[in-house]
Structures are given as C-alpha cells and as structure tokens.
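Good morning, and thank you for coming. I would ask you to look at the sequence and the structure together while I speak.

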Amino acid sequence: RRSGAGRTVVLSSFLLGGPSGSGVATTVTIGTVAWPMLEKAGYDRNAAGGLLAAGGLGAIISPPVLGAAAFLIAEFLKISYLEVLKMAVIPTCLYYLSLFLMVEIDTRKYHSSAGAEMRLQASAWQLARRFWFHFLSLVAIIGFMVWGFSPLMSVFWATVVAFVVSFFDRETAMWPRKLIAALSDGSKQALNVAATCAAAGIIVGVVGKTGLGLKFSSIVIAYAGGSLLLTAIYTSLIVWIIGLAVPVTASYIICAVIAAPALVKLGVPDFAAHMFIFYYAVLSEVSPPTALSPFAAAAITDGNPYTTTLQSWKYTLPAFLLPFVFVLEPAGAGLLLKAPAEVEWWRVVWIVLTATAGIASLAGGAQNWVFVRCRLWERLSLVVAGLLLVYPHPLADTVGLGLLALALLSQWLRGGRRGAPAVQV
C-alpha cells in the first residue's frame, strides 16, 4: 500500500513500545529498520524523524507498561495497576488513530506510490506462525496481575517468561552471552530511572512538608479566577514547562504534588487530574532541551534535531488536547472508562465520537492537508473545529461539526471527488 511504510512505523511502535515503555528505545529500534522504507515513501529526513519520535512517544502512554510514571499513579491514588491500564485504553487508541490519520495524509502530501513497497521474504502469517511467542510479551504482565500477583512480581515473572520462550526459536534464544548483555543493558537503564526518582522524591518531600503544593494550587486557582478551563490550561503549561528540564517520571512526580490539587479543588476527580498531569508530563519526551526521542530519531535519519522536534510536535499535538475532555466535563471521564454513575452511557459514547472527530480535524489542520492542500480558511476551520470538538459542550460540538463538514466539503469539491494528484511539498 502507498501508506504502508507509515502504517508499519505506527503499528510496530505500539507492538514494541507497549511492553517496553521506553520511548527512546522504541524510536531507535524501529528507526534503524524503518528509515529506508520512509525515505522510499517520500518522507524527508525531518518528517521521517518526527514520525518515528511520535511513535516512540506512544510507548509511554500505551498498555501494558505505560512507562514508570503509570506505576506511580497507582501508588498516588492507592488503586491497582489494572485500573490505570483500563483508564489508558481509549486515550491510547485515539492517539494511534491520530497517527494513522497523519500517515494517510502524508501519503497524499508526499505523493507516495506503490514503488515504495518492500518485498518481504515471508508473509505476515508465516512470520506470526514462526515468532508467535513474542506476542506473549504483550499480555504477560497483565496476565500475572489478573492472576493476583503484585506489579513487582508480575514484572519479574514476565521477564522469566520472556527468557524461557526465547528458546522456542534458535535465532532468538537467550544464551549466556545474550542474557548477560540484556541484564547489563537493563541495569544501566534502571540506574537512570533510580537517580531521577530519588531526586524527584526529595523535591516531593520538600513540597509536602512545607505546604508549598497547596499554596501553589491556591495561586493557580486565584489567577484562573476559579475557572476550570483556565486552571486546566495553566496546569498544562506548568507541567510542560517543568518537563522541559526533567524527564517524564520526574515531571509527573513533581506536578502530581504541586499541580493536581488545583484541579481536584475545582471538582475534578483525582484519577482524572492525575491522568491529565501524566499526559502532559509525557510531552517532555518530545520537548527540548530533553527531547530524547526526536534527537535520537534525527541521529538515525541525519536530520536537524530541532526541525525533527517540531515535526514530532505536529504528529503528536492533536492527541494531546484530548486530556481536556476528561477534566472539563464529568461525562468526559468516560474516556477513562470511569464515568460517574449519574452520567448516561449515550453521553459517554457521544463524547468519544466528538473527541475522535476533533482529533481527525486537528490532524488535518496540523498537516495543512486533507484531500488536497488546504486554503487558509479551510485550515483555520479545521483547527477551530478540532478545538471546539474536544471541548465537551453541546454548542461547541454543534459549531465544531459544522465547521468540519464545511471544510471537508470544500476539500472534496476541490480535489477529493475527482482524485486530483497530490503535489509534493
């Protein structure tokens, strides 16, 4: 397929990133294989790096691992890790939907052709039949937790399972040399996480003992004038700014203490406030100067690190407006599969549908393309429609759907209906 290279990056990022929980590792592992495919498909160095980084970022928000911060959410809220996984399901699906839509638009923008296809030595079914045991990594941790094991023991036994099933195929067998290398690499990565969590723990202790967190929340609410929307905007900016200097886990720990109470004071459920903080903390993965995934992707594609970072923002930003849905409206918590008892199911379904339409609209606006290149008013209509559709309010939904329909109709009449050829930009 013309969009096969981009789809492969998105899907493989999920399959590899979900169990690993590491954005950089996912970006580097997939990038070394996928970059030649993306180049043949018409992607330039920076756009390809941006897509690879966006796929890597998805690893941090995708079940079953979600990165280290997800375990901390369970500790802060005193809930099971399975509850955190359940809350992440729909936002993860919508994030990857956004990436798939971006890839489909890229196909038109870069005028990809069937010449970009890669001929495989084996079919997908043959590969799955030979290496089926690798799929156990996707379900092992969840399976052990459902069985009643603690998160720590679930990870331990899932690691044992991964070691045992590696011997199902001679090519993947973890013989002593491979095993020692894997344990060494894992230990080195754990040291970075341990140092970050230790430093963040000191900060959290200082904030908690001095009462700075509650004071900070009062300041945010005062500046917002008691408005939940403004408080959410200010909170997202605070988390993003803190994330410029520290990685995801540390950013979440700091902001969960000093920023989440502001949202909770205004009636936002604590689980929704912490998931809101978590998603904006994840932006540190693609935010300079600690934009680890884009910088790693740029090294692979030989692109400009900062231009690659901007491209990764283009791919990821539509989905990162989604957290506003589950803090601005009680029914919006349905996106986390935890809607209040008094909220009717059809309202939850409607919010999921409008959020999906909003993400699709923002994807078109960010790409400046749907069927053909957007005119200025079409792009503005798509962006405004997307913003309105992720704001859960009947009037906003009505206006947003109207603007989206108007922009799509104009695009269809200008090029989509007659299949006008795309021009590379």
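The surface of the protein, in this predicted model, exposes about 20,000 Å². Carbon and sulfur atoms supply 70% of that area. As for charge, there are 28 positive and 18 negative side chains, and the centres of these two sets lie 5 Å apart.

How much of the protein is buried? Buried residues account for 47% of the 425 residues.

Let us turn to the overall form. The secondary structure consists of 20 helices and zero strands. Along the principal axes, the C-alpha trace spans about 65 × 60 × 40 Å.

Helix α1 covers residues 4-20, and at 1.5 Å a residue its 17 residues should span 24 Å; the end C-alpha atoms are 24 Å apart, which agrees. Which residues of α1 are buried? They are A5, G6, V9, V10, S13, G17 and G18. The packing partners of these buried residues are α2 (23-40), α3 (45-58) and α5 (81-109). Just after α1 comes G21, which takes a positive phi of about 70°.

Next, I would like to set two individual residues side by side. Please find F167, in the loop between α8 (151-165) and α9 (176-210). Is F167 buried or partly exposed? Its relative accessible area is 35%, and because this lies between the limits of 20% and 50%, F167 counts as partly exposed. Leaving aside residues up to four places away in sequence, F167 touches A173, M174 and W175. F133 stands 34 residues from F167 along the chain, and the C-alpha atoms of the two are separated by 9.9 Å.

The second residue is H274, which is found in helix α14, residues 270-282. Why does H274 count as buried? Its relative accessibility is 8%, and the cut-off for a buried residue is under 20%, so H274 falls within it. With residues up to four places away in sequence again left out, H274 touches F76, L77, Y252, A256 and A260.

Note on methods: Residues numbered from 1 in each chain as written. Predicted model: local features only at pLDDT ≥ 70, side-chain atom pairs only at ≥ 80, totals over all residues. Heavy atoms only, no water. Helix = DSSP H or I, 4+ residues; strand = E, 2+ residues; numbered from the N terminus. Buried < 20%, exposed > 50% of the residue type's maximum accessible area, 1.4 Å probe, protein only. Areas by Shrake-Rupley, 256 points an atom, 1.4 Å probe, with all protein chains shown as cover. Lys, Arg positive; Asp, Glu negative; His and termini not counted. Charge placed at Lys NZ, Arg CZ, Asp CG, Glu CD. Expected span 1.5 Å × (residues − 1). Contact = heavy atoms within 4.5 Å.
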